[in-house]
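Dear colleague,

Please find the structure for your review below. My notes follow directly after it.

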Amino acid sequence: MDEAQQSPSSGAGAGLRKAAPPPALCGFLLLLVLIFAVSYAVGAGAGPVAPGMHGDSTSRDGGEPGGGGGMGDMDGMQGGHG
């Protein structure tokens, strides 16, 4: 009669262990979050790439918002000739 008896709580703990993600996955996700947090902090500290560019909805040349101009600026062109 040397059989070890399991308590009812150990069965519930084993079920929780099976439902939990593996530690390597948790470590990877934590590392991923840390890398994104550091890269965001560095980008915020560096400032905008092109300080003259602003994301406003008005444009200077009357073209599409954002300063792209679009194809509306090419109304008077005859295929690039003349």
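This is a predicted model: local features need pLDDT of at least 70, side-chain atom pairs count only at pLDDT 80 or more; totals for chains, interfaces and linings use all residues.

Residues are numbered from 1 along each chain as its sequence is written, and side-chain values use heavy atoms, with hydrogens and water left out.

The protein chain has two helices and zero strands (DSSP runs numbered from the N terminus: H or I of at least four residues for helices, E of at least two for strands). Of its 82 residues, 1% are buried (under 20% relative accessible area with a 1.4 Å probe, protein chains only; exposed is over 50%, partly exposed in between).

Helix α2 runs over residues 23-46 and spans 35 Å from first to last C-alpha, close to the 34 Å expected (1.5 Å times one less than its number of residues). G47, with a positive phi near 85°, follows α2.

F36 lies in α2 and counts as exposed because its relative accessibility is 55%.

Kind regards
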